[in-house]
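I wanted to go through this model with a notebook open. These are the things I looked up, in the order I got to them.

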Amino acid sequence: MTIAVDLDGTLANIYSVVLAEVSAEIGETLTPNLMTYYDWLPDAFGEGMFQRFSEFWTRYSAECVEPIERDVEVLTRRIRSRYGGLDIVTQHTELERKNITEWLQHWNVQYDNLVLCGLQDKSKLPYICYIDDNPFLAEKLRNSAKVLYLYDQPWNRLTPGKWNIRRVHCLREVLD
Ligand SMILES: [Mg+2]
């Protein structure tokens with residue numbers, strides 16, 4: 001069984017890069033704790049933020065975007081071994097494949113396939129287990145037989161748990 005692991009906000013600390021850039025533009029310090037719901041950035045700074053997210057991956061080199069967890073290599077190796085496979089599944093598109101692949105290689109993330117699903121519904125993909133920070137995915141999976149390890153972030157704190165929606169504060173908890 002291959003587990004689907006998200007990129008932005010789950011493995012990659014892209015939001016800090018985004019917030020640093022936006023902070024410099026507006027002359028005000030923004031921190032991730034302000035992002036108390038998932039669409040906070042586009043609500044605050046316009047729909048163009050969605051486009052900027054994609055562009056960030058092509059504008060920054062791999063070392064500029066840090067992994068959320070320093071030991072991402074060891075943890076992804078263990079999770080991959082536990083589940084028998086680990087795919088990186090992200091809503092980015094083919095335009096970002098090269099940069100994302102470089103990032104995964106730079107930080108030694110252990111994975112099988114990079115799945116760029118774009119606007120496809122992740123919940124409909126053939127995985128039965130996910131690690132993701134997206135509260136909307138939690139709602140889509142809530143009444144399914146699939147399991148989501150909801151990676152704790154300020155924008156998903158209001159999402160209630162369930163037997164199949166399990167909040168984790170670090171990747172190690174997926175292995176507990
Ligand atoms: Mg995410």
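Below are my entries, from the whole chain down to single residues.

**Ground rules.** I am working on a predicted model, where local features need pLDDT of at least 70, side-chain atom pairs count only at pLDDT 80 or more, and totals for chains, interfaces and linings use all residues. I number residues from 1 along each chain as its sequence is written.

**Whole protein.** I counted elements to start: there are six helices and six strands. Read from the N terminus, the order is β-α-α-α-α-β-α-β-β-α-β-β.

Next I checked the overall dimensions. A compact globule of 176 residues would have a radius of gyration near 16 Å, and the protein has 15 Å, which agrees. That radius is taken over C-alpha atoms, and the globule rule is 2.2 Å times the number of residues to the power 0.38. Along the principal axes, the C-alpha atoms fill a box of roughly 45 × 35 × 30 Å.

I then looked at burial, and 31% of the 176 residues count as buried. My cut-offs are 20 or more other C-beta atoms within 10 Å for buried, 12 or fewer for exposed, and partly exposed in between, with C-beta atoms placed from the backbone. For contacts I ask that two such C-beta atoms, placed from the backbone, lie within 7 Å. Of the contacts with a separation of 6 or more, 63% are between residues 24 or more positions apart.

**Helix α4.** This helix has twelve residues (72–83), which at 1.5 Å a residue should span 16 Å, and its end C-alpha atoms are 16 Å apart, so the two agree. The expected span is 1.5 Å times one less than the number of residues. Which residues of α4 are buried? I found L75, T76 and I79. Seen down the axis of α4, its buried residues fall within an arc of 95 degrees, so they line one face of the helix. The arc is that of the directions from the helix axis to the C-beta atoms. Their cover includes β1 (3–5) and β2 (86–90). After α4 comes G84, with a positive phi near 85 degrees.

**Strands around β2.** Four of the five residues of β2 are buried. I call strands paired if DSSP finds at least two bridges between them. β2 pairs with β1 in the parallel sense over three bridges, and A4 stands opposite D87. β2 also pairs in the parallel sense with β3 (residues 114–116), over three bridges. In β3, L114 is the bridge partner of I88. From β2 the chain crosses through helix α5 (residues 97–106) to β3, a right-handed β-α-β crossover. Right-handed here means that, with the strands pointing away from the viewer, the path from the first strand over the helix to the second runs clockwise.

Leaving aside neighbours within four places in sequence, Y15 is in contact with G9 and P32.

L19 is also found in α1. L19 has 17 other C-beta atoms within 10 Å, so it is partly exposed. Beyond four places in sequence, L19 is in contact with L30, T31 and P32.

Technical notes. Helices (H or I, at least four residues) and strands (E, at least two) are DSSP runs, numbered from the N terminus.
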